[in-house]
Amino acid sequence: MESPEREMYSVGEVAQRLGLHVRTVRAYVREGRLKAVRIGKQYRIAREDFEALTGGPAAAALPEAAPPRGHVEVSSIVQIDAIGPDAASRLSTLVTAGGQFARDTPEPLRIQTVYDRARARMKIVILGNAAASADLLLLLNGVLGPGNGILSDDSAQEVDRG
């Protein structure tokens with residue numbers, strides 16, 4: 001993506017510019033959230049389709065400059081074992097909503113949740129501002145704490161029945 005005049009971008013280039021994993025961008029393509037053309041074994045994304053996803057021109061959405069001085073970003077991966085599918089779904093909704101909560105930060109948190117039914121394991125990936133990430137981790141700690149019922153024996157039994 002050297003120049004804004006370029007018409008087609010690779011999945012890797014789009015992922016790098018959006019701060020996402022390549023697999024996430026491929027998932028966007030498969031889900032129809034991002035239009036792409038398949039050329040051989042690879043996808044190519046038109047500049048117009050990229051701009052439609054980001055809500056603005058590619059040049060404005062993708063500055064080539066380094067992040068401003070003092071920029072801090074936190075990456076957190078939370079793994080939760082022995083959680084049933086219903087509890088994982090509720091927790092995913094809570095975490096996603098908690099990440100959308102209005103804050104005094106220019107960038108919203110980027111959150112992904114994955115549930116592995118075979119292992120009864122959930123992973124939550126949080127990327128973003130340190131303070132906002134800390135707030136969300138505190139929310140998770142409170143919700144997952146003892147006596148709150150999400151990680152009770154009932155959740156583990158849901159997996160056995162599933």
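Tutor: Happy to! Let's start with a term: a salt bridge here is a side-chain nitrogen of Lys or Arg within 4 Å of a carboxyl oxygen of Asp or Glu. Keep in mind that this is a predicted model.

Student: Okay, how many salt bridges does that rule give?

Tutor: The count comes to five salt bridges.

Student: Which residue forms a salt bridge with R47?

Tutor: That is E7, and the closest N and O atoms of the pair are 3.0 Å apart.

Student: What does E73 meet in a salt bridge?

Tutor: Its partner is R110, at 2.9 Å from N to O. This pair also links distant parts of the chain: E73 is in the loop between α4 (58-61) and β4 (74-81), R110 is in strand β5 (residues 110-116), and they are 37 residues apart. E73 has 40% relative accessibility and counts as partly exposed, and R110, at 23%, is partly exposed as well.

Student: What about D116, which side chain does it meet?

Tutor: D116 meets R119 in a salt bridge, with 2.8 Å from N to O. D116 is partly exposed, its relative accessible area being 24%, whereas R119 is exposed at 56%.

Student: Switching topic: in what order do the three strands of the open sheet come?

Tutor: The order is β1-β3-β2, and the pairing is antiparallel. The edge strands are β1 and β2 (37-39), each of which pairs on one side only. From one strand to the next, the twist averages 40°.

Student: How many bridges join β1 to β3?

Tutor: Three bridges join β1 to β3 (residues 42-46). As for who faces whom, S10 stands opposite R44 in β3.

Student: Which helix packs on the sheet, touching β1 and β3?

Tutor: Helix α1 (residues 11-18) does, and its direction makes about 80° with that of β1. Helix α3 lies across β1 and β3 too, running at about 75° to β3.

Terms used:
Residues are numbered from 1 along each chain as its sequence is written. This is a predicted model: local features need pLDDT of at least 70, side-chain atom pairs count only at pLDDT 80 or more; totals for chains, interfaces and linings use all residues. Side-chain values use heavy atoms; hydrogens and water are left out. Helices (H or I, at least four residues) and strands (E, at least two) are DSSP runs, numbered from the N terminus. Buried means under 20% relative accessible area, exposed over 50%, partly exposed in between (1.4 Å probe, protein chains only). Two strands pair if DSSP finds at least two bridges between them. Axes are lines fitted to C-alpha atoms, for helices over the stretch in contact, and angles run from 0 to 180 degrees between N-to-C directions. Contact means heavy atoms within 4.5 Å.
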